[in-house]
Amino acid sequence: MPPDLDSVLDAVGPRLRALRVQRNLTLGEVSAASGVSVSTLSRLESGRRRPNLELLLPIAQLYGVPLDDLVGAPPTGDPRIHLRPIEHHGMTAIPLTRRPGGVQAFKMVIAGDARGSEPELQVHEGYEWMYILNGSLRLVLAENDFVLGPGEAAEFDTRTPHWFASADGKPVEMISLFGQQGERMHVRARPKRS
């Protein structure tokens, strides 16, 4: 789950002020070089004005820093995935991908008692693929009721009424690939012939 937008935007002002002070520039000098008015710069630095791309781009160019530095974006040169678990209704989802959009991968751990035993079917946009690592997962798809064990997989359009939870009250670990816009995972069943 992305960080809270308000806290990200609140941190931009102090970064702008620190960069200006570090470079020993006045608001007037920054305004003259960037084309952003002194009053707008002052309000940005104090947090009384929400930053936007049109304001931040010329300031980032003036200071010679990537836009990511102004908004506190995570570094992109590190290939390791920095896992920040997301907990929701007794389920923990650990993102395994960092790029926005497209198919997203998660390792999910579902507590044994996380969702009760009475299915509350839901629908939403997307397409999901699940692979069970450990435990038994009960998956209800419309009128069908399945139990999946380690090594089994399921895939379905999430516009189909669905619900899943532990089948036996014990924790379940699984890998989930989810395409919010209905993207599907592509699996090659056999190698291409040369």
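In this predicted model, N24 sits in the loop between α2 (12-22) and α3. The residue is not a glycine, yet its phi is positive, at about 55°. Most residues other than glycine have a negative phi. A second case is A142, also a residue other than glycine, with a positive phi near 55°. A142 belongs to the loop between β5 and β6 (144-148).

How exposed is N24? Its relative accessibility is 66%, and because exposed means over 50%, N24 counts as exposed. A142 has a relative accessibility of 31% and therefore counts as partly exposed. The table sets out the two residues.

| Residue | Phi | Relative accessibility |
|---|---|---|
| N24 | about 55° | 66% |
| A142 | near 55° | 31% |

Helix α3 (residues 27-34) packs against helix α5 (residues 53-63), with the axes 9 Å apart and an angle of about 105° between them. Angles of 65 to 115 degrees count as roughly perpendicular, so α3 and α5 are roughly perpendicular to each other. On the α3 side the contact involves V30, A33 and S34, and on the α5 side P58, L62 and Y63. By residue class, this contact has 5 nonpolar residues, 1 polar residue and no charged ones.

The largest nonpolar core has 16 residues, and those touching the most other members are M108, I110, L137, L139, F164 and M174. Two or more residues each come from β2 (91-95), β3 (103-110), β4 (127-134), β5 (137-141), β7 (153-157) and β9 (172-179). Which residues does I110 contact, leaving aside its neighbours within four places in sequence? They are G90, M91, L137, F164, S166, K170, P171, V172 and M174. Another core, of 14 residues, lies apart from the largest one, and its members include V12, L44, A60 and Y63. Y63 also takes part in the contact of α5 with α3.

For the chain as a whole, there are 6 helices and 9 strands. The chain has 194 residues, of which 32% count as buried. Among contacts with a separation of 6 or more, 59% join residues 24 or more positions apart. The accessible surface of the chain is about 12,400 Å², and carbon and sulfur atoms make up 53% of this area.

Technical notes: Residues numbered from 1 in each chain as written. Predicted model: local features only at pLDDT ≥ 70, side-chain atom pairs only at ≥ 80, totals over all residues. Heavy atoms only, no water. Core = buried A, V, L, I, M, F, W, Y, C linked by side-chain atoms within 4.5 Å. Buried < 20%, exposed > 50% of the residue type's maximum accessible area, 1.4 Å probe, protein only. Helix = DSSP H or I, 4+ residues; strand = E, 2+ residues; numbered from the N terminus. Contact = heavy atoms within 4.5 Å. Axes fitted to C-alpha atoms, helices over the stretch in contact; angles between N-to-C directions. Parallel < 35°, antiparallel > 145°, perpendicular 65-115°, else oblique. Nonpolar A, V, L, I, M, F, W, Y, C, P; charged D, E, K, R; others polar. Areas by Shrake-Rupley, 256 points an atom, 1.4 Å probe, with all protein chains shown as cover.
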